[in-house]
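Hi,

Here is the structure we discussed handing over. Please look through it first; my notes follow below.

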Amino acid sequence: MKESTKMLLHYVTGFLILVTGAIHLIANNLERFLWIKSTLWYPISLGIFLGAVLYHAMNGLRVVLVELFPGSSSGKVISTILVIVGVIFFVSGFYFLLVLFGGW
Amino acid sequence: MSRRENKQGILGWLKLRGYSIEKLMYVAQRISGVGIIIFLLSHILNVGLVYAVTGELWEPPGLIGKAVLVMLGIIVVFHTFNGIRLVLAEYGFIVGKPKRAVYPYKMTSLSGGQRLAVYLVLIAFIIILYFWIMVAFDLLGW
Amino acid sequence: MEKSEIRKIGFKVFRFNPAVDASPKWKIYELEVDRSLTVLDALLRIKEEKDPSLAVRYSCRQAVCGSCGMMINGKQRLACFTRVLELNSKVVVVEPLNNYPIIRDLVTDFSDLFMKEKMIKPYIIRDDHEEMRSPTGMYLQNPEELLEYLQFADCIECGLCSSACPTYSTDNLFLTPMILNKAYRISADSRDTGLQYRLSVIDSEHGCWRCHFAAACSSVCPKGIDPAKSIQLLKKMITSAGIFKRMRKKEVQVALRPHVTGSTI
């Protein structure tokens, strides 16, 4: 994947986080909006939020680490580790979503 | 020919005197980003392992819990609004047009639309952080 | 008669010869300074009157060659472009530029930057090889097209920008603001059609995307180049070329030269 594509995705996920994150915060903290949590769209929005925030976070960490430890081999190691961490948290987060909203 | 390496390393990020406010915001964006990641990963585990079992999120006790909430507000709100400014700048929307360099030089990327965006980010940060803190301390009737 | 202000200023100069010294040291020289004296003038006077062993790089002494960049009172400046009394300090601290290896005293090594400049192919690249081989005329460019890159072509390659860049302070593979500015100057030129040949270097892990708009480069540039702006415009160019797959610019007209048309009009 080209670097420009990775960064474009970084900004796109940033926008998705803004929208779905605002929904998550409002639905969990403001009493008059608590009803959002019982709609069908809420877990879908949470799923998108989970994926977007994990991509944004792992790519952001990759960018900082690759600048602190430059080199083609360290770049590959950093990317691989962060992809694995991201996938682990996405899968477990998704599982928690299913438990909380699907009654599994 | 012998030479001596002269790289500042990460201390180069802390040299802020004499540079524009954008350099400070760059450092703040990085630090807030790392802070949010720490919260994020612990929050996912918190929800899945504590909330799913007990119905309540684990919180640090008493005042520390409230302090964490306020800190979280500061870093999330700043990172969000500064991020919006950065996307606009990095795709060339607010950095200004190329023009002839005539003395005394005025850099359009440090003035005009981009500098206005910096002030808007700071204003939006204060306003939204105010609401965040009000909600965190249950002072808002919503 | 006009009274010219003369003050005694101390110059705290970084002295270091890696071949002999174990560690750097500071030497303080006191000079009588009037309001026209620049830091470069002061350093050369120190060389003449007090310490001939001081190593300083300089050439034009009028801010067009880019040789005399150094840290003056903690900020990147051109020594010939900085008047001592305008610094408003009793002691002026002079050090070599940050982020570059030190050869001796105030002289730093720019070979890393020159290597990166070669990597981005800093020359016009075109596909009409026949015209390039045996030219029939010159490529026309109107004032709007010129303005697209003229500001960035004024760069004197002094290296102050890359010294101030926080990314370059940790990442020695970063292409640096000076080089990225050059890459944009060439790619934005209406006569150039070679962005695709530079992409593998610019759109890489340590290319233009490691810039995060700290804009320290633009705040120290002594010639008004605004490299922060050119790097963001470069990102825009690369991204829209990637999305819209449109790298070819509109065809540039060729004005036929006299040996082809037979007249000088």
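Chain C and chain A share four residue pairs in polar contact, both residues at pLDDT 80 or more. A polar contact here is a pair of N or O atoms within 3.5 Å; within protein, one must be able to donate a hydrogen and the other to accept it, and residues adjacent in sequence count only if both atoms are side-chain atoms.

Ground rules. This is a predicted model: local features need pLDDT of at least 70, side-chain atom pairs count only at pLDDT 80 or more, and totals for chains, interfaces and linings use all residues. Residues are numbered from 1 along each chain as its sequence is written, chains are lettered from A and ligands numbered from 1 in the order in which they are written, and side-chain values use heavy atoms, with hydrogens and water left out.

Chain C against chain A

Helix 7 (166-170) and helix 11 (227-244) of chain C each supply at least two residues of the side that touches chain A. (Helices, H or I with at least four residues, and strands, E with at least two, are DSSP runs numbered from the N terminus.) Helix 11 of chain C gives the most, with four residues. That side of chain C divides into four nonpolar, eight polar and four charged residues. Nonpolar means Ala, Val, Leu, Ile, Met, Phe, Trp, Tyr, Cys and Pro; charged means Asp, Glu, Lys and Arg; the others, Gly among them, are polar.

In contact (heavy atoms within 4.5 Å) are 16 residues of chain C and 15 residues of chain A. The buried area is about 1,300 Å², with 59% from carbon and sulfur atoms. Buried area is the accessible area (1.4 Å probe) that two parts lose on being put together, summed over both. Glu205(C), Trp209(C) and Arg210(C) supply 40% of what chain C buries against chain A, more than any other three residues.

Three salt bridges link chain C and chain A. The criterion is a side-chain nitrogen of Lys or Arg within 4 Å of a carboxyl oxygen of Asp or Glu. Arg210(C) makes one with Glu3(A), at 2.8 Å from N to O.

Chain B against chain C

Here 40 residues of chain B meet 54 residues of chain C. Together they bury about 3,900 Å², 59% of it on carbon and sulfur atoms. Arg4(B), Lys7(B) and Glu90(B) supply 17% of the area that chain B buries there, more than any other three residues.

The salt bridge count is one. Glu90(B) pairs with Lys235(C), the closest N and O atoms being 3.2 Å apart.

Inside chain C

Five strands form an open, mixed sheet in the order 2-1-5-3-4. Strands pair if DSSP finds at least two bridges between them. Strand 2 (25-34) and strand 4 (75-78) of chain C are at the edges with a single partner strand each, so one side of each has no neighbour in the sheet. Strand 3 (residues 69-72) and strand 4 of chain C run antiparallel, joined by four bridges. Gly69(C) sits opposite Leu78(C) in strand 4 of chain C.

Over all chains, the salt bridges come to 22. One of them joins Asp51(C) to Arg15(C), at 2.7 Å from N to O. Asp51(C) is in the loop between helix 1 and strand 3 of chain C and Arg15(C) is in strand 1 of chain C, so the pair ties together parts 36 residues apart in sequence.

Best wishes
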